[in-house]
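The entries are in the order I looked things up.

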Amino acid sequence: MTQIKDNNIKNDFPIFKQAKVKKRPLVYLDSAATSQKPHSVINAVSDWYERFNANIHRGVYELSETATKKYELSRQVIANFINSPSSRQVVFTRGTTEGINLVAEAWARKNLRAGDAILLTTMEHHANLVPWQELAQRKRLKLKFLEFDNQGELILANLAKQLMGVKLVSLVYVSNVLGTINPVKKIINICHQKKIPVLIDAAQAAPHLPIDVKKLDCDWLVFSGHKMLGPTGIGVLYGKRERFEEMDVYQTGGDMIRNVTLTKSTYATYPQKFEAGTQALAEVVGLAEAVIYLQAIGMERVSSHDQKLVTYAYQQMKKIKAVEIYGPQTIKRSGSIAFNVQGIHAHDLATFLADRGICIRAGHHCAQPLHEKLGIPASARVSFYIYNDKRDVDLFISALQAIIKEWESIKARNT
Ligand SMILES: Cc1ncc(COP(=O)(O)O)c(C=O)c1O
């Protein structure tokens, strides 16, 4: 049904037919921020409201029972997608950000003591930095950081030494700026030799790479639905059984309880324990549909398509003298390329490209410390997904060349 061929897969995404930018077809190169949605996901969400909408886990009438089945089946779809040993180990969250906050509050707040250290990297998205800063302040914990080199790759030479005093490691799988694919399996192995649990931020990995939590052996893994063709407002927290068992409650209220009296409550076991209140039901079903769509293509093919496109774009950009690219110079990157053009601020560049109908992102991409380390206030970023093709890259490159040419001639006139 679904094929990754130039111009073919775009047909599954209505936005490419409907949306025009400056009366031109959409050239969308901002999927690292959020992805577009195929018909099947949009239909699954509207179908939910048209045919299945009822609250789950509560009603005894047929509609509610069907809704519950669909919700729990979606959990199984996600569990299969990441090779989780059980669907019970899949908790629905609002996204990566909430998943990390959940682990910080429910596991780290309970299990870490003053003086303990958490190891992060200097390439983290703020979502995997700020919750730990907050917790560190409250509990007098230390934060330590793995640095990256000028190829955008983590420096692991001293990892074993750096793990002294560390009681938790939390790191990004694929950098949302540099596109670096971090060797998380290797890092997890080293940490586990020292019995240190590891949380993986897979926000940019789950859309592009096959994920196997059993093989990775990570303690937790989090991702967001909206970056992988699913709706906004829905994400996943996978956790090992023993970790979930060590965790306190996160939010409290309806649906996560076992028994409530006026003075005391007991709680359900996971996953319900971590899903307080009415969940984003249509979004859960939409996310499962997104996963079904990706699986129909095959994550190996998704990954190879994205890598081919990113490599092609990289090679074309490398030919432009004024362009400076950050991150890996080899093909060991996924999804995105961050760069700057000499003399043009990233925001101006994004605006000039927007005038030509090309959607890219500019700024610090929620990774200010990473930009500080690179010594730049901001970068431009192009990011790709399965609906992008060579033509999108060519349009971007020719627009980029035209902007640089125009800019240079203005400069020449003014000097
Ligand atoms: C690597 C990484 N981590 C975390 C996040 C936060 O994701 P969300 O805003 O969906 O919670 C993002 C979003 O861009 C990201 O790229």
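My notes follow, from the whole chain down to single residues.

Numbering: I count residues from 1 along each chain as its sequence is written. The model is predicted, so I keep in mind that local features need pLDDT of at least 70, that side-chain atom pairs count only at pLDDT 80 or more, and that totals for chains, interfaces and linings use all residues.

Chain: I find 14 helices and 17 strands, taken as DSSP runs (helices H or I, at least four residues; strands E, at least two) numbered from the N terminus. The C-alpha atoms fill a box of roughly 80 × 55 × 35 Å along the principal axes. Of the 415 residues, 47% count as buried; buried means 20 or more other C-beta atoms within 10 Å of a residue's own, exposed means 12 or fewer, partly exposed lies in between, and C-beta atoms are placed from the backbone.

Helix H10: I looked at residues 281-297, which reach 25 Å from first C-alpha to last, close to the 24 Å expected (1.5 Å times one less than the number of residues). In H10, 13 of 17 residues are buried. Gly298 follows H10 with a positive phi, near 100 degrees.

Gly165: I place Gly165 in the loop between helix H6 (159-162) and strand S7 (166-172). Is Gly165 buried or exposed? Gly165 is exposed, because 12 other C-beta atoms lie within 10 Å.

Ligand: I list 13 residues around the ligand, with Gly95, Thr97, Asn176, Ala203 and Ser224 coming nearest; a residue is near if its C-beta atom, placed from the backbone, lies within 6 Å.
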